[in-house]
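Please examine the sequence and the structure below before reading on.

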Amino acid sequence: MPEPLSPRELLALDRQHVWHPYGPMPGRAAPLLVESASGVRLRLAEPVEGQDELVDGMSSWWSAVHGYNHPVLNDAAHGQLERMSHVMFGGLTHEPAVRLAKRLVDITPEPLEHVFLADSGSVSVEVAVKMCLQYWRSLGKPRKQRLLTWRGGYHGDTWQPMSVCDPDGGMHELWQGVLPRQIFADAPPAGFDAAPDEAYAAQLRELIGRHAEELAAVIVEPVVQGAGGMSFHSPAYLRVLREACDAHDVLLVFDEIATGFGRTGALFAAEHAGVAPDVMCLGKALTGGYLTLAATLCTAAVADGISRGALPVLAHGPTFMGNPLAAAVADASIELLLSQDWAQEVKRIEAGLWEGLAPARSHAGVREVRVLGAIGVVQLDHEVDMAAATRAAVREGVWLRPFRDLIYTMPPYITGDDDLARICAAVCAAAREG
Ligand SMILES: *Cc1c(COP(=O)(O)O)cnc(C)c1O
C-alpha cells in the first residue's frame, strides 16, 4: 500500500498538478475532497461548513441516476471484472457489448438499428457527425458537409461538438475562426408547454431549405438544452425539424446525452415529439454514472449509405471501444431502470421540485423557476457568485454546481422526499446568497 496522504497533502498536490474541468492551472477555488459515496450522499474526507456528507443534487453531471455504490451495479462490475475488464474490439467481440447494443436498439425509437460504442459523449457526437458527412460523400454529394443547429445548445468539448455549441456567450467563443463554421437558427422559444411559434417554425424550415445543398445534418438536443442554458422547448419544433429534413434530404441527429434514460419524464426526449432521428447520441446516464461510455445509434439507411461509398467502412475505432466493464454496467443500469416504475419516480421528483423550488420565485434577483421531469432550474437575473452559492448549498448539506446565471439540480432518481426537500432548500439558499 502507498503511504497514506492527508487531505491537506492531497489538496496541495491537486492544486499543483491536476487540471479540473473548465479551470485555470494552478486551480483557484479549492475542490472538495470526496472519500466515498453511497446512495445519494457524497462523504467528504474532512468536514466543510460543518458538513461531512453532502446530498448530491447533481448526479455527478446528470449520470448517477441510481445513486452511488448500488449493489446491482457493483455486482455487474465485480462479475465482469473477474471475467475481463477489457479486450480490444477490433476482430473480437463479447457478450456485454452485444447485449448492450441489442438493448439500446430495443428501447430507442424504431428505425435506429446499429450501435457504435464510443468512450465519451463528445466522441459519440464526433462519430455522429462523421457518419452524416460520410453518408453524403458515399452517395456522391460531398458538398453536403455543414451542420445546422439552434442557438443555446451544448454538444461537448471536442472540435466538431464545439462547432455546434452556442456561438455566443458560451465557453467556445475563443475558438471562433478556428472551428468549422456551422449554420445557426435562433434558440427555440422557451417553454415545454408553450404553444409552438409559427414564425420560428418557418425560420427553421427556411434555413434548412436555403442551405440544403451544403447541409449534411441538423443536430439538436431534443426538448432540453442542458449545459448551454438549461432551457426547455416545445417538442413541436422537433416535428418541424423532422419534416424539413425529410423534405430537403438532410439527416437529423438528436443528442440525447443529457436527456436520455428518463430525465425529462420520457425514456428518450424524442418520445415527447413522437419523431425519430436518423442518428442518436447517448452517454451520461448510460452506465448509471459508473464508467465512461457513450453510444451513437443510426438507422439501417445511414449504415447502408456509408457502406455504398468508395471507402465502405466507418473509419473510427477508439482503443477502448466497447469496453466490457462499462458495457456490463450499462446493461445492468438500464435493466435496473426498466425493472422499476422509473416514470413514477421522475414524476414524484418533478412534483417535489415544483413544491420545493416555489419559494425561490419571490426572491429578489430570481428571473424564473422552471421544472421538467427530474430537472429543476432557478435562473437569476445576474451571473451567479459561484463561491457564495456553492458555500450556501454546502451549508445546507447539499452539493450543487451552478454556472452562468443558473442554479439547478438533476438529482438521482432514488432521491427520497426528505433529501429532495433538502436539495430544494439548498437551491433556494444558493439563489439567495449567490
Ligand atoms: C455532456 C454532454 C455532451 C458531452 O459528453 P462528454 O461525455 O462530457 O464528452 C454532449 N452533449 C450533451 C447534450 C451533453 O449534455
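## Basis of the report

The model is predicted: local features need pLDDT of at least 70, side-chain atom pairs count only at pLDDT 80 or more, and totals for chains, interfaces and linings use all residues. Residues are numbered from 1 along each chain as its sequence is written, and side-chain values use heavy atoms, with hydrogens and water left out.

## The ligand site

For Asp255, a polar side-chain atom lies 2.7 Å from a nitrogen atom of the ligand. Of the 380 Å² of accessible area that the ligand has on its own, the protein covers 83%; accessible areas come from the Shrake-Rupley method with a 1.4 Å probe, and for residues only the protein chains shown count as cover.

Asp278 is found in the loop between helix 9 (270-273) and strand 11 (279-282); helices (H or I, at least four residues) and strands (E, at least two) are DSSP runs, numbered from the N terminus. With a relative accessible area of 13%, Asp278 is buried. Buried means under 20% relative accessible area, exposed over 50%, and partly exposed in between (1.4 Å probe, protein chains only). Beyond its neighbours within four places in sequence, Asp278 has contacts (heavy atoms within 4.5 Å) with residues including Leu112, Arg242, Leu251, Cys298 and Val302.

Val302 belongs to helix 10 (residues 300-307) and is buried, at a relative accessible area of 1%. Apart from neighbours within four places in sequence, Val302 is in contact with Met131, Tyr135, Leu251, Asp278 and Val279. From C-alpha to C-alpha, Val302 and Ala273 are 22 Å apart in space, and they are 29 residues apart in sequence.

## Helix 13

Helix 13 (residues 386-395) has Ala388, Ala389, Thr390, Ala392, Ala393 and Val394 as buried residues. Their cover includes strand 2 (41-48), strand 3 (51-56), strand 15 (398-399) and helix 14 (417-433). After helix 13 comes Gly397, with a positive phi near 80 degrees.

## Aromatic pairs

A search of the whole structure gives 6 aromatic pairs. Rings of Phe, Tyr and Trp (its six-membered ring) pair if their centres lie within 6.5 Å; planes under 30 degrees apart count as stacked, over 60 as edge-to-face and the rest as tilted. Trp159 and Trp175 form an edge-to-face pair, at 5.1 Å centre to centre and 80 degrees between the planes. Trp159 lies in helix 6 (residues 159-163) and Trp175 in the loop between helix 6 and strand 6 (183-185), so this pair ties together parts 16 residues apart in sequence. Trp159 is partly exposed at 42% relative accessibility, as is Trp175 at 32%.

Phe261 and Phe268 also form an edge-to-face pair, with 5.5 Å between centres and 65 degrees between planes. Phe261 is buried at 3%, and Phe268 is buried at 0% relative accessibility. Ring pairs also link Trp62, Phe403 and Tyr408 into a cluster.

## Backbone geometry

Most residues other than glycine have a negative phi, and most peptide bonds are trans. Phe261, in the loop between strand 10 (251-255) and helix 9, has a positive phi of about 65 degrees. Arg404 has a positive phi near 50 degrees and lies in the loop between strand 15 and strand 16 (406-409). At 30% relative accessibility, Arg404 is partly exposed.

The peptide bond from Met25 to Pro26 is cis, with omega near -5 degrees. Pro26 lies in the loop between helix 1 (7-17) and strand 1 (34-38).

Terms used. Polar contact = N/O pair within 3.5 Å; in protein donor to acceptor, adjacent residues only side chain to side chain.
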